[in-house]
Amino acid sequence: MKPSTPDAMATLIADIRTAIPFGLSEAELCSGNCKGCSKKLLEFLDQELLDWSHRLGHGEKPNLGDIGRLEKTARKIYAALKKSQLV
């Protein structure tokens, strides 16, 4: 059985939080090899995740497009962090 969209979004949020290093210090984020502003990318993604967690907590049901957009955003940010050698 497929999970409901709120369950799928919650799982995606947990997976993103596991895969992306949100706990890096500013010194680690801004040390040399920079392919875009990693600090701003992480702040943006963290805000998106917090927003969706809040919305899920208030009973909002995301659609498949919402899940897909968040996944695509996270993949692009992960790729940028990889280019900057942070993951």
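Biologist: What share of the 87 residues in the protein chain is buried?

Modeller: Buried residues make up 25% of the 87 residues. A residue is called buried under 20% relative accessible area, exposed over 50%, and partly exposed in between (1.4 Å probe, protein chains only). This is a predicted model, in which local features need pLDDT of at least 70 and side-chain atom pairs count only at pLDDT 80 or more, while totals for chains, interfaces and linings use all residues. Residues are numbered from 1 along each chain as its sequence is written, and side-chain values use heavy atoms, without hydrogens and water.

Biologist: Which pattern does the protein chain follow along the sequence?

Modeller: The pattern is α-α-α-α: the protein chain has four helices and zero strands. Both elements are DSSP runs numbered from the N terminus (helices are H or I with at least four residues, strands are E with at least two). The C-alpha atoms of the chain fill a box of roughly 45 × 20 × 15 Å along the principal axes.

Biologist: How do you know that the end-to-end distance of helix α3 agrees with its number of residues?

Modeller: Helix α3 covers residues 38-57, which is 20 residues. The expected span is 1.5 Å times one less than the number of residues. For α3 that gives 28 Å, and the end C-alpha atoms are 28 Å apart, so the two values agree.

Biologist: What makes the buried residues of α3 line one face of the helix?

Modeller: The buried residues of α3 are S38, L42, L45, L49, W52 and L56. Seen down the helix axis, they fall within an arc of 95°, and therefore they line one face. The arc is taken from the directions that run from the helix axis to the C-beta atoms. Just after α3, G59 takes a positive phi of about 85°.

Biologist: Why is L64 called exposed?

Modeller: L64 has a relative accessible area of 66%, and it is therefore classed as exposed. L64 is found in helix α4.

Biologist: What makes the contact between D46 and R17 a salt bridge?

Modeller: A salt bridge requires a side-chain nitrogen of Lys or Arg within 4 Å of a carboxyl oxygen of Asp or Glu. The closest N and O atoms of D46 and R17 are 2.8 Å apart, and the pair forms a salt bridge. The pair links distant parts of the chain, with D46 in helix α3 and R17 in helix α1, 29 residues apart. D46, at 26% relative accessibility, counts as partly exposed, and R17, at 32%, also counts as partly exposed. The structure holds five salt bridges. In general, side chains of opposite charge can pair when their charged atoms come close.

Biologist: How many residues apart are D51 and R55, and in which helix do they lie?

Modeller: Both lie in helix α3, four residues apart, which is about one turn of the helix.

Biologist: To which class do the values of D51, R55 and E60 assign them?

Modeller: D51 has a relative accessible area of 29% and is partly exposed. R55, at 26% relative accessibility, counts as partly exposed, and E60 is placed in that class by its 32%.
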